[in-house]
Amino acid sequence: MIEIVEEADPNCPLCEMAKRYLRELANRHNVAFTVRYYATKSIASAWGTEPITQHLYTPEAPEKHGIKVSSEAKEVLGAMSQLGLNLYPIIRIRWGVFKNKEIVIRGWQSDKEFLAKLENIISLVEGIDR
C-alpha cells in the first residue's frame, strides 16, 4: 500500500498548488493521499506558540539530533529561523507493510521536469511495493 502525505502550511500558496496536483496524482495511481497542516496562524500562535516545524530549522536543531553541519549551514538556518521560514510543502511518499519506507521531498516546483519526476517516483514505488 502506497501513501502520499503532504505536510503543509494552510497559508502557503505553493502548498495549495501541490495539494491539487498530488490529489490528481494519487487518484491516477489509486493511492492514498493525506494533507497534514502544521504551521498555522491560529490564535494559539498569537499566544507565543511558534509553528510546530519552525524549531526544526534553527542552528541548534541538527546538533540536537547528532548531525554535524557547517558554519555556512548554521548561518542559513539562523536566517531562516529569524525570518520564521519553513520549507513547505514537505511531500512524503510511504510504502511497505507498515509504511516504514519513505521518500521525502521538500519544496515544490510546478515545472514539467519536477512533475514528471514525481510521476516516475510513484511508478517506481508501485513496482517495488508489489
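This is a predicted model: local features need pLDDT of at least 70, side-chain atom pairs count only at pLDDT 80 or more; totals for chains, interfaces and linings use all residues.
Across the protein the average pLDDT is 81, and 82% of the residues score at least 70. The protein has 5 helices and 4 strands, arranged along the sequence as β-α-β-α-α-α-β-β-α.

**Overall picture**

- Of the 130 residues in the protein, 38% are buried.
- The protein exposes about 8300 Å², and carbon and sulfur atoms supply 56% of that area.
- Take the contacts between residues at least 6 apart in sequence: 61% of them join residues at least 24 apart.

**The sheet**

- The 4 strands form an open sheet with mixed pairing, and their order is E2-E1-E3-E4.
- Strand E2 (32-37) and E4 each have a single partner strand, so each stands at an edge with one side left without a neighbour in the sheet.
- On average, neighbouring strands of this sheet are turned by 20° against each other, direction ignored.
- Helix H5 packs on the sheet and touches E1, E3 and E4; the direction of H5 makes about 20° with that of E3.

- Strand E3 (residues 90-95) is mostly covered: 6 of its 6 residues are buried.
- Ile 90, Arg 92 and Arg 94 point one way from E3, while Ile 91, Ile 93 and Trp 95 point the other way, and all are buried.
- E3 and E4 run antiparallel and are joined by 6 bridges.
- Two pairs can be picked out here: Ile 90 has Arg 106 of E4 as its bridge partner, and Trp 95 stands opposite Lys 101 in E4.
- The hairpin of E3 and E4 has 5 residues between the strands, and in this hairpin Gly 96 takes a positive phi near 105°.
- On the E1 side, E1 and E3 pair in the antiparallel sense over 5 bridges, with Ile 91 in E3 as the bridge partner of Glu 6.

**Glu 3, in strand E1**

- Glu 3 sits in strand E1, which covers residues 3-8.
- Glu 3 has a relative accessible area of 13%, which means that it counts as buried, the cut-off being under 20%.
- Beyond its neighbours within four places in sequence, Glu 3 is in contact with Ala 32, Thr 34, Arg 92, Ile 93, Arg 94 and Lys 99.
- Among these contacts of Glu 3, Arg 92, Ile 93 and Arg 94 are buried residues of E3.

**How H1 meets H5**

- Two packed helices are described by the angle between their axes and the distance between the axes.
- For helix H1 (residues 13-29) and H5, the angle is about 35° and the axes are 11 Å apart.
- H1 passes H5 in a right-handed crossing.
- From H1, the contact is made by Tyr 21, Leu 22, Leu 25, Arg 28 and His 29.
- From H5, the residues that make the contact are Leu 115, Leu 118, Glu 119, Ile 122, Ser 123 and Glu 126.

**Two loop residues to look at**

- Asp 9 is found in the loop between E1 and H1, and with a relative accessible area of 15% Asp 9 is buried.
- Asp 9 and Tyr 37 are 28 residues apart in sequence, yet 5.5 Å separates them in space, C-alpha to C-alpha.
- Gln 109 lies in the loop between strand E4 (101-106) and helix H5 (112-129).
- Gln 109 has a relative accessible area of 44%, so it is partly exposed.
- Leaving aside neighbours within four places in sequence, Gln 109 is in contact with Phe 114 and Leu 115; Leu 115 also takes part in the contact between H5 and H1.
- Gln 109 and Leu 14 are 95 residues apart in sequence and 8.2 Å apart in space, C-alpha to C-alpha.

Terms used:
Residues are numbered from 1 along each chain as its sequence is written. Side-chain values use heavy atoms; hydrogens and water are left out. Buried means under 20% relative accessible area, exposed over 50%, partly exposed in between (1.4 Å probe, protein chains only). Contact means heavy atoms within 4.5 Å. Accessible areas come from the Shrake-Rupley method with a 1.4 Å probe; for residues, only the protein chains shown count as cover. pLDDT is the predictor's confidence in each residue, from 0 to 100. Two strands pair if DSSP finds at least two bridges between them. Axes are lines fitted to C-alpha atoms, for helices over the stretch in contact, and angles run from 0 to 180 degrees between N-to-C directions. A crossing is left-handed if the near helix is turned anticlockwise from the far one by less than a right angle, and right-handed if clockwise.
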